[in-house]
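Me: Please examine the structure shown here with me, through a few questions and answers.

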Amino acid sequence: MRVNKPPAFQFYAADFLVDAAVKLMSLEERGAYVTLLAQAWIEGNVPADVGRLARLCDVSAADMERIWPAISPCWIAGKSV
């Protein structure tokens with residue numbers, strides 16, 4: 001973790017819950033998305049490799065391949081939008 005970075009990021013629940021992309025996600029997809037948001041906060045981005053994304057979210061690669069299409073529109077080049 002970067003030393004000069006705050007230990008937390010702002011999370012606006014109302015904005016999250018009314019976002020169209022989030023509303024269309026399943027509970028599993030939302031959980032993976034929030035996990036990846038936290039990972040991106042710590043590391044600055046998330047990996048492009050589905051296998052590594054799966055390990056970060058503690059799901060199988062097959063599960064990540066299934067849920068990634070719902071999450072991927074929220075990311076541009078590994079950064080949350």
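Predicted model: local features only at pLDDT ≥ 70, side-chain atom pairs only at ≥ 80, totals over all residues.

Reply: Residues are numbered from 1 along each chain as its sequence is written, and side-chain values use heavy atoms, with hydrogens and water left out.

Me: Within what arc do the buried residues of α3 fall, seen down its axis?
Reply: Helices (H or I, at least four residues) and strands (E, at least two) are DSSP runs, numbered from the N terminus. Buried means under 20% relative accessible area, exposed over 50%, and partly exposed in between (1.4 Å probe, protein chains only). The buried residues of α3 are E29, A32, Y33, L36, L37, Q39 and A40. They line one face of the helix, because the arc, taken from the directions from the helix axis to the C-beta atoms, is within 170°.

Me: What kind of aromatic pair do Y33 and W75 form?
Reply: Rings of Phe, Tyr and Trp (its six-membered ring) pair if their centres lie within 6.5 Å; planes under 30 degrees apart count as stacked, over 60 as edge-to-face and the rest as tilted. The centres of Y33 and W75 are 6.0 Å apart and their planes stand at 85°, so the pair is edge-to-face.

Me: How many residues apart are Y33 and W75?
Reply: Y33 is buried at 6% relative accessibility, and W75 is buried at 8%. Y33 lies in helix α3 and W75 in strand β1 (residues 75–76), so that the pair links distant parts of the chain, 42 residues apart.
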